[in-house]
Amino acid sequence: MTSPLVVLVGPPGAGKSTIGALLAQRLGTGYRDTDADIERTAGKPIPEIFIDEGEPHFRALERQAVRAAVGEHPGVLSLGGGAVMDDGTRALLKGLPVVFLDVELADAVRRVGLDAPRPLLAVNPRQRWRELMEARRPLYTEVARATVSTGGRTPAEVADAVLKALAPPPARTPDTPQ
Ligand SMILES: Nc1ncnc2c1ncn2[C@@H]1O[C@H](COP(=O)(O)OP(=O)(O)O)[C@@H](O)[C@H]1O
Ligand SMILES: O=C(O)C1=C[C@@H](OP(=O)(O)O)[C@@H](O)[C@H](O)C1
Ligand SMILES: [Mg+2]
C-alpha cells in the first residue's frame, strides 16, 4: 500500500488547496484534493451537493474520497476542512505526515471571500468560521504531526515552512554535542 508524502488539514481559508498544489510542484510529485475528487464523483460542484443531497451525503462522499486517496495517492494530498470530523478518517491519518495549516479568523474570512463558494460559510461567515474552528481545532491538533501558521506568510513561504516542519531532525554523530 502506498500513502501520501504530505497530507494537509485545517479550516477553510488556511490555504490547503493552494499550498498543496505548490508543494507537489516543489517536490516533483502529484497533487490530489479530496474536494475535487468528490466533485468528479458527484458530477457537480460542492455547493450543489449540499443543496441537492445535504451535508450528511457530502460527508459520506468525503469519507470515501479520503479513504481512496490515502490508500493510493503517493504525492501531496489536501483534505477539505471538515474531513477530520469523521472518526474513521482520523484513525486512517494516524502515523501519516499530516500538517495542520493554521490561520486566524480575519485572514481566513478575507481569503475565502476571494474564492470558490463554501456552503458552510454562506451565512454569517465570521461567526460560522469561529464556531467551526472551535469545534475542530482539537481534531486538527490530534491528527497533525506538525502545525504551521500561515498568517503573514505568502503561499511560497508556507510551503517552505511545511517542508521544514516535516524534515527529519539531523542525525546525531559522535561529533554532535549532546
Ligand atoms: N498564505 C496565503 N496568503 C494569502 N492568500 C492565500 C494564502 N494561502 C491561500 N490564499 C488564498 O486564499 C484563498 C483560499 O485558499 P485555499 O487554498 O482554497 O484554502 P483551503 O483549501 O484551505 O480552503 C485562495 O484565494 C488562495 O489564493
Ligand atoms: O470546512 C468544511 O466543512 C468544508 C470545507 C471545504 O473545503 P476547504 O477547507 O478546502 O475550503 C469543502 O470541503 C466543503 O465546503 C466543506
Ligand atoms: Mg481546499
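Trainee: How does the shell around ligand 2 split by class?
Mentor: There are five nonpolar, four polar and three charged residues in the shell around ligand 2. Here Ala, Val, Leu, Ile, Met, Phe, Trp, Tyr, Cys and Pro count as nonpolar, Asp, Glu, Lys and Arg as charged, and the others, Gly among them, as polar. Keep in mind that this is a predicted model, where local features need pLDDT of at least 70, side-chain atom pairs count only at pLDDT 80 or more, and totals for chains, interfaces and linings use all residues. Residues are numbered from 1 along each chain as its sequence is written, while chains are lettered from A and ligands numbered from 1 in the order in which they are written.

Trainee: Which residues surround ligand 2?
Mentor: Pro12, Lys16, Ser17, Asp35, Ile46, Gly80, Gly81, Gly82, Arg118, Pro119, Leu120 and Leu132. A residue is near a molecule if its C-beta atom, placed from the backbone, lies within 6 Å of it.

Trainee: OK, and ligand 1? Which residues come nearest?
Mentor: Gly15, Lys16, Ser17, Thr18 and Arg111 come nearest, out of 17 residues around ligand 1. Helix H1 (16-27), helix H6 (105-113) and helix H8 (155-166) each give two or more residues to that shell. H1 gives the most, with three residues. Helices (H or I, at least four residues) and strands (E, at least two) are DSSP runs, numbered from the N terminus.

Trainee: Which residues does UniProt list for "binding site"?
Mentor: The unreviewed entry lists Gly13, Ala14, Gly15, Lys16, Ser17, Thr18, Arg118 and Arg153. These residues are spread over 141 residues of sequence and also spread in space, up to 23.0 Å between C-alpha atoms. UniProt positions are given in the numbering used here, feature names are shortened, and annotations may be inferred rather than shown by experiment.

Trainee: Let's take Ser17. Where does Ser17 lie?
Mentor: Ser17 lies in helix H1. Ser17 is partly exposed, because 19 other C-beta atoms lie within 10 Å. The rule: buried if 20 or more other C-beta atoms lie within 10 Å of a residue's own, exposed if 12 or fewer, and partly exposed in between, with C-beta atoms placed from the backbone.

Trainee: What is Ser17 in contact with?
Mentor: Asp33 and Ser78, leaving aside neighbours within four places in sequence. Contact means that the two C-beta atoms, placed from the backbone, lie within 7 Å.

Trainee: And Arg118, buried or exposed?
Mentor: Arg118 counts as buried, because it has 20 C-beta neighbours inside 10 Å. Arg118 is in the loop between H6 and helix H7 (125-143). Not counting residues up to four places away in sequence, Arg118 touches Pro12 and Val112.

Trainee: Switching to H2. Which of its residues are buried?
Mentor: In helix H2 (residues 34-42), Thr34, Asp35, Asp37 and Ile38 are buried. Down the axis of H2 they fall within an arc of 160 degrees, so they line one face of the helix. That arc is taken from the directions from the helix axis to the C-beta atoms.

Trainee: What do they pack against?
Mentor: The buried residues of H2 pack against strand E2 (31-33), helix H3 (46-53) and helix H4 (55-72). After H2 comes Gly43, with a positive phi near 75 degrees.
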